Each structure stands twice: as structure tokens, then as C-alpha cells.
Amino acid sequence: MASRGKEAAVVVLDVGPHMASYLPALRKSVFLLAESKLLNHSSHELAVVLFGTTGTANEVYDEMGPEEGEQYRHISVVQPLACPDLKCLKTINSISSERGSSDHVSALLVGVDLLKKAVAARPSAFKGHKRLLLISSFDTQVEELDPETCTDVAAQLTQAGLSLEVYGVGDGAPTRSEAAAAQRASNLAGLHELLAQAAGSYRALPSEVSMAAIFTLKETASTGYKASLAIGTKCRIEVQVYKKTAKQPLPSLKLYSPPTAAGGSGLVTRETEYRDPTDRDHVLAAEEKQKGYKYGQQLVPVEDDALLAYKPEPCLELLGSTARENVPRWHYSAECYVALGVTAPDALALSALVRGLAKQDKVAVLRYLGTSRGSSIMLMAGSPQVAPDASLLQQDCLLLNRLPFADDMRQLLFKDFTQYKADPNKQHLYPSTDGMKAMRQLVKNLSLAPAATAAAGATQQTQTQATQQGSSQQPAAAAAAAAAAAAAAAAAGPVREQLVPEDTLNPMLQRFYWFIGQRALDPQFQVPDAKDDVLAAAVLDQAPAGSLPAGTEQLLAALPKHFPITERVPAAPTAEAGADAAAGTSAAAAAAGGAAMAPAAAAAVVADESGVRLVSEVTDDAPLESFAALLQHGQIDKAFTGMQRVVRQLVEASIGPRQFPRAVQAVTALRQAAVQQGRPAAFNAYLDQLRDAFKPNPAKRAFWQQLMQQQLGPISDDEAPGAGVSRAAAEQYVQLHGAAQQAAPEPAKPAPMAVDEEDDEFAGMD
């Protein structure tokens, strides 16, 4: 949660030679920190102190002189404490590795001195949070931080009201020598002793991903509101409800027009006007417009849409409780809220409810309606959260997650595998016990915890198994196995995921703000390649095989033995598309050449923009492709029957002539396939059925006329032996049935009345 009031932050960054490989990621993080303050907290102030620089530029060295201030050499204040601006961003952007050597404790004292002088000069300007951020690998040799010095530095931090945040870069780096590792351990031990006496924290940054995600781009402060948690009609607990999580979208871009020579801000204003459809010149005024709900093809006017919404009073009511397994996590939707007791008695009453739910492993179900404008009533799941420390600083609370209504649910029905177990021909599709065991082992191996801590989970499991098997072993052996497992688990440490939500930033937001900041400094800056973004690669891209946990490759290699996988690759058609290919009938040509293709698989396959999929019938959405696939795989009867069905459906369901061209393409493919497959008589009989069904129908007659215009008449003996129709008869069929029906003769118009030329007074006018 963001601090109230103005914040002052001093970044103390190591830029010595040993930091060269870490600086690109760290420089980007400090840049984004300054940019976030520039955009979101313009009153906050930031200072940047570099140590390990070639030169020296700090007031402590200047005041003490070269002799007494020797320890403060190679420390430079490159950004004084001030509100960040473009100059500050440019300074941070130019940070690079240098050749100096300095002490991180001395650099820390320079940062403290910098802030103390700023507070003394402007005491009313720094009423908020004051932070000092120390970032280094701590590899260099420095004077040991003795207890007296440690106490003195802690006193200065406390006196200045500073919270110290230490970031250790390169934890577990394989290239570090034993001497450097020992020196680093000694330096960190001194810092931990300092942090124990002063308010502060330590965070390890073992990888580039962790370095790129040190600071959040936008700190949000959640303003809670008071509500009464109603339990029945006689019990009410006053709680404070806060929003715990919310999706942070990408900022919306505004329209921009480059200012002209006459000046201007470049912002573009947009206005919308509505015109009367019967009079395009008439612009409707505000009182002439009204909201409406589109109901079919018409708009139903609604005077006030608020009248349609049920708006009860804001509430937070306990409806009951249910077992935790009845509310799976994937039912949670939207944001998460947290409810805390307002006063000590309220916190005590809420704690009793929370601990009662936790003891029974249940979840509360509540009715919730917030006070914000436009909020709607919701069902919430109240998960009990028991605090580790029973104090008002860490209260027991309820985590509120929104539950879906029945209207929000989507029913997805999937066939289970039991159907394969009873079928002798498909029993190989039913997973075996060994196959399920192999897949379960693979899932367990794909742990997001680091390798060292994942071993702790394995040893804990070993410890449990050793305890359970104690009855079948000798007591001494069982105890020894359990003790060994416990020791291994303790040595490995706690299991912690790599992608912890609190430490994993949105890479798209990082990338967006980084680009905006660079474009502000250089208008010609181009969008960087996503491959160079380590945070995006870690979160969004697929992990390379080398980054998988140890043993995963062997488990993956063993899976095909239990789960045979056959790649379905559609064979390329051998028949070339004819002249109709340009008109979009290449699939029909493929259908015509289906007989010449050898079946490549047991099932028909369709490959389109949506991927590769199996088909078992001619589909309505892709009739030509599925028809060709069925022919290619030898399912001729199913292909012909399905295509005939689809043609009739297209024509009968068409609104006007909209679907007639698709139906004509389908008949074209059907006719060509009938010629290739030796089924001319069946097609000719089907053509007569289409004629009898649609030619007499005035609404569908245009479809039949399009067939005849495309010369899609009966198949003759010249095209396919056994058709039973001569070429002349086929041509006569098209001419006879393709002619448009004669329209009824119009009634004769009455002859115009004769006008006597003498009586026509306008006859002589030109």
C-alpha cells in the first residue's frame, strides 16, 4: 500500500567493475522507479548516489577534505534530492560501469547525510515516508562493520527517520570465487546486524528477472469503507473493507496531432453528433435523443436505465457457510477484498468467526453490495485468514472473492474415458495405471520452486513415508530415517515459488512505460525487440528445455510409451485446382481429386486457420474442406450424403439469396466428385430432386437458375460411363429447365385520349 504524504527516496547504487553484468537490468529498474514517480507521484522526490565511480562528487568528501574524507572517495551524487524530471531520467539512462572502488557503508552514510541536510533545509516538505535503497553485489573487500560502527549507523538511520532497503545482487552466482563468496558472506552478515537494529529489510536478487522487477510502476492506495457485517438480525460486526487486488490495465492512448507553427497543445477533442435518418441536415439535440434496448430488429425505448436495475442498500450479510472444497479457486472472479475489524471488540468478534470457519475448514458465503457508484450486488466467498501473530497489527480477517451466479456459468461437457474401457477396439485409449503414475510424476517434477527448496518438499514427503512405514520397520531404523529426512528438509529451507504474485510484475506494463520514457528522451526511439526483455521472456515466452527442472527430459521421453501420440498431417491434394480456383472453389477441385489420393490416416483431417482437426461428417461451417477430407480418407457414402444435406440446409435457411453462392459451390464439388467416383446416376437423381424442390418455389428459384447458369446439369455418358444421359440430352436439360419462367403478360394500357389540335392551346409552343 502506498504511503500517505510526500515520499523521499535515495537510491545508492554500486557501479564498480564487478557490477558490469548487472547494471543494464538495474539501470532499467531505477529508470522505471523515477518514471513512476514522475507520472504518478509528481510531488515525491528522488536522489541517486553512485559508488565505485571513477571520480568523486559528494558533500561529505568536500567538507572533510582529501585526507580525512579518504573513505568517501569514488562516491558521486549524480541526482540531488528533487522531484524527478526528464533531466533526471536522462541522468539515470546514462549510468554505466566505472573503474572506482568504494565502501558500501561509506556510500550509505553519504545517502543519510544527503537526506538529513534536505530535511533540515525544508522540514515541512518531508512528512511522509523516507527510504534509502542500497543495491550492490557486496563482493568487494571493505572494513569490517564492527558493533560500534553498526550501532552508530543504525542511530543515524533512526534519527533521520529512514527505512533501509538492502538489495543483494547475484545470489548464487556460479562465477564467484571462494574468496569473493566469503567476503560477500561477511559483508551481508554485517548488514543483517545493521538491519536488526534499524528499520529495514533485505531482498535477494539472484537473476536478471528479479533485478528487472524490483520496483512497482504504480503504487496504489486502497481506500476502504466501513460496513456492518450482519449475522442474522441481532449481531453486527463493524468492519473495514479494502480492495486487495485489482487488474491493472495498460494505459489508454489519447489522440494526438502535432502542433502547427501557430502553436497548440496537440491534443485532439472528439465530438459526436446524431442526425435524423429522414432528414440528414437536421442535427439532433440532447433532448431529442433517448436510450433504447435492441430487441431483435427494433429498438425499445427506455426512459431511465436506472429503473431497470435493482438497487438495494449497501450491505454485507452472512448467508451461511459451506465446505471449502465446494468453492474451488477457479470459481473466484474479478477482484479480491479483505474485511478487518474496526475497533478492538469488532476485531475480536471477527476473529472468533474466522477461527471457527478455519477450524471446520469452511468458507463463509456472503451477500455484498459496495457503496461505489454503479456497483451491483454480488455473492462473495469469505475465506478465513488466521494471522500468525494475535495482535491488532496482524488481525484475523476474511478474504472476500466474488462467486459467479448460475447465469455466469458456462457448461462444458466432456466425454470421460470409461467409454473406451468397455470397447475392445478402443481399450488402448484408456489410460493405464502406469501411465497415470508417469503423468503424476511429471506434474510433481514441474515445480515452480527453486531446485534447492523443491528438494525440501521431496524430503518432507520422504519423512512422512518413513513415519507411516514405522510399524513395518525396526523402531530404530524408522526413527533414523525420519530424523534424516527432517534434517534434510531443515537444511533445504522453506519451499517458495518462483513466480510469487507479490514479486512478479506485469511485463507488458514494464515494457510500455520503458518505451514511453525512452521516447520522451528521444522522439526517434523505436520499439525495442521483445526478445531482449528478460522479464517478458521469463513470464510470457515458453521456457527453453534447459530451464526445465532436473529429470523432466527423462520423464517426457518416457511418456510416449504410455500415451502413443500420432501426428495427423493432411496430405496435399494431387489434383490441381481448375479455373474455378480463382473464384474460391479450390476445395471443390481438391474434392474432385480425392479418389487419386491414398488414405493417410484412419480419420478425416481438416487444416485451416484454426489449426488441424478431425472430422467425421460434412460440417456446416466448412462443407467443402470436410467433404474433400472425407473423400480423401475413403468415406465416400458419408461424404455424398452429408454434402446433399448441407446443400438443402443452405438453400432452405438462406435469407434471400445470401447463401445461394455457397450452395452452388457445394453442388459443383458434389458433381465433380460424382464424376471421379463413378456415381453419375446418383448425382443426376439428386439434381432432379433439387429441381422439384426449388424451381417451383418463387423464394428459392434463383438458386436453381444459378445452377443452370453455371452449366451444372446432368452428367452425360461422355463425362462418366453409365450416366444414362447423352450429351445432347444433358445440354437440352439445361436449356429447358434453365430458362426463366415467363412473366404474366401485363394488362394493356388504355390508349391516350386524343386531343384536338385546335383545342390544344399549348400546341404552338416550343
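Which residues in H18 meet which residues in H19? In this predicted model, local features need pLDDT of at least 70 and side-chain atom pairs count only at pLDDT 80 or more, while totals for chains, interfaces and linings use all residues. Residues are numbered from 1 along each chain as its sequence is written, and side-chain values use heavy atoms, with hydrogens and water left out.

On the H18 side, Ile636, Phe640, Met643, Gln644, Val647, Leu650 and Val651 meet Phe660, Arg662, Ala663, Ala666, Val667, Leu670, Ala673, Ala674 and Gln677 of H19 (contact means heavy atoms within 4.5 Å). The residues of this contact comprise 13 nonpolar, two polar and one charged; Ala, Val, Leu, Ile, Met, Phe, Trp, Tyr, Cys and Pro count as nonpolar, Asp, Glu, Lys and Arg as charged, and the others, Gly among them, as polar.

Helices here are DSSP runs (H or I, at least four residues), and strands likewise (E, at least two). The axes of H18 (residues 636-653) and H19 (residues 660-677) lie 9 Å apart at an angle of about 155°, on a scale from 0 to 180 degrees between N-to-C directions of lines fitted to C-alpha atoms over the stretch in contact. That makes the two helices roughly antiparallel (over 145 degrees).

Turning to the rings, the structure holds eight aromatic pairs, defined by ring centres within 6.5 Å, with planes under 30 degrees apart counted as stacked, over 60 as edge-to-face and the rest as tilted. Tyr337 and Tyr368 form a tilted pair, 5.6 Å centre to centre with 45° between the planes. Tyr337 belongs to strand S14 (residues 333-341) and Tyr368 to strand S15 (residues 362-369), 31 residues apart.

Key
Parallel < 35°, antiparallel > 145°, perpendicular 65-115°, else oblique. Phe/Tyr/Trp six-rings, centres within 6.5 Å; stacked < 30°, edge-to-face > 60°.
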